[in-house]
Amino acid sequence: MRTALSFLFIIGVLISSICSAFQITPQKYERYTGDLPVMEEKRVIRVLVAADLGFYYLDRGQPKGLISEMLRLFEKFVSEKTQKKYRIQIIPVHRDQLLPALNAGIGDLVTANITITPKRMKQVDFSHPILTGIQELFITHSVRSPITDIKQLSKKSVWLRASSSYYQSIRRINKQLHKLGKEPMYVHFLEETLQDFEMLQMVQEGIIPMTVLDSHKAEFWDLVTDDLQIHYEYPIRKNSAIGWSFRKDSPEFKAIVDEFVENNRRGTLNGNILFNRYLNSKAWFQKVMSPDSIDKFKELENRFIRYGNMYDINWLIIAAQAFQESGFDQSKRSHAGAIGIMQVLPQTASEPYINISNIQNIENNIHAGVKYMDFIRDRYVTDDDTDELNQLYFALASYNAGPNRIRRLRKVAEERGYDPTQWFNNVEVIVKEEVGMEPITYVGNINRYFTIYKQIFSLQNAAGQRMASSNLLRFKLSR
């Protein structure tokens, strides 16, 4: 039976609640560097993380996952060790910004499944390994042939994040292929915001042919899906290690991190409990990019494009919003009376600023939803300081929670030192406190779907361009 991947992670075991001292910081952070005495003075240890399903993610606004649980233990350990109270401050960043942000003084510690490599050791220091014996493995769809020899990799395409250690491994393979007189592998870069499960989802659906994953992650995904092939027979990096990283010349902080890691790494009692809880538990995922959803997306694509162009709204944002609202289901009706794909209220559609009838019709429903988004943006959101994408985020939040409320909370955010022109990590903090998690989840999900749809669209364009180039080449050779 085929298991599904999705954007909502459902863990099949009970997990401990995260300590209330955890804080997810807004974007206005103080930059400073220094060893443990500086952190002692500030009474805070700033931890840089990147979204990584199973390891670090948010559930109803709270940090969850293996890394979050380890940080809870680390916070307690440091306070007991030093007899001083420390607060863990979590700072989420994109994966390619983890080490630069560390050295820039934005954070003090990186806990994000970073492989220890010679190149990275020139930039930062690492703790003792928290995981050892790690291999980097190719992942393909199960219908692909097993990879057992380097010659099979010539002219094959692989997709990965540029910041990953996988890229360095592929470069090493290409050097070996060059020595053998073979064509190299073709490397394509994915967006840094994409998580592993999203890349695997693309492999499942045949959108990309191959990616790379660390063996401890591959083992987890091997438990929860049966249509991916993990090529254990040909690891491209062997016996690597993963550690926590911190700035160089921090001997006191290094000593306390190393002691914690030695007591909680995989192989210890505490470490094995945590790793078994997350990486050895079978979890089920509801597929967002199922064949049925992709088919519906394609059926609706022209309508999204038409009304996106009409109101100058990115059509992929509209598609993402439609999926969030209804799962592309025009028959959906809410308890409040909202109708169709865009979940439009009949009274809203009949307002003079919308004035679209018969929203039971799919065309009219999409038109009414997009026109309402445009009305919100122009009437309540647009200003000279807010960029186009954040205007859409605020419009989306308003679509969900009401435009007057969101406009008021932007002013509250500014009064409390947050940036009123930025939704994520700024205005959303205030909205969470004043309204709750619904608009946070709403905008967050749409942004995630938008990222995926944008990636799919660019991949489809790239595939079309490659096909056109191939056809042109065949035409020239036939003449």
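## Local geometry and packing in a predicted model

D249 has its place in the loop between β13 (237–246) and α8 (251–264), where helices (H or I, at least four residues) and strands (E, at least two) are DSSP runs numbered from the N terminus. This is a predicted model, in which local features need pLDDT of at least 70 and side-chain atom pairs count only at pLDDT 80 or more, while totals for chains, interfaces and linings use all residues. Residues are numbered from 1 along each chain as its sequence is written, and side-chain values use heavy atoms, with hydrogens and water left out.

**Loop residues with positive phi**

- The phi angle of D249 is near 60°, a positive value in a residue other than glycine, and D249 counts as exposed because its relative accessibility is 72%; buried means under 20% relative accessible area, exposed over 50%, and partly exposed in between, with a 1.4 Å probe and protein chains only.
- F328, which lies in the loop between α11 (315–326) and α12 (346–349), also has a positive phi in a residue other than glycine, with a value near 65°.
- At 5% relative accessibility, F328 counts as buried, whereas D249 counts as exposed.

- Six of the six residues of strand β2 (residues 44–49) are buried, so β2 is largely enclosed by the rest of the structure.
- Strand β2 runs parallel to strand β5 (residues 87–92), to which six bridges join it; two strands pair if DSSP finds at least two bridges between them.
- Within the pairing with β5, R87 is the bridge partner of V44.
- Two bridges join β2 to strand β6 (residues 109–115), and these strands run parallel, with V47 standing opposite L109 in β6.

- S169 is found in helix α5 (residues 165–179), and with 0% relative accessibility S169 counts as buried.
- When its neighbours within four places in sequence are left aside, S169 is in contact with E136, I236 and R237, contact meaning heavy atoms within 4.5 Å.

- Helix α15 (residues 403–415) and helix α16 (residues 423–434) pack at an angle of about 115°, with their axes 9 Å apart; axes are lines fitted to C-alpha atoms, for helices over the stretch in contact, and angles run from 0 to 180 degrees between N-to-C directions.
- α15 and α16 are therefore roughly perpendicular to each other, given that angles under 35 degrees count as roughly parallel, over 145 as roughly antiparallel, 65 to 115 as roughly perpendicular and the rest as oblique.
- I406, L409, R410, V412 and A413 in α15 meet V427, I430, V431 and E434 in α16, and the residues of this contact divide into seven nonpolar, no polar and two charged; Ala, Val, Leu, Ile, Met, Phe, Trp, Tyr, Cys and Pro count as nonpolar, Asp, Glu, Lys and Arg as charged, and the others, Gly among them, as polar.
- Helix α13 (residues 362–381) packs with α15 at an angle of about 35°, and their axes are 11 Å apart.
- On the α13 side, Y372, I376, R379, Y380 and V381 meet P403, N404, R407 and R410 in α15, a contact with five nonpolar, one polar and three charged residues.
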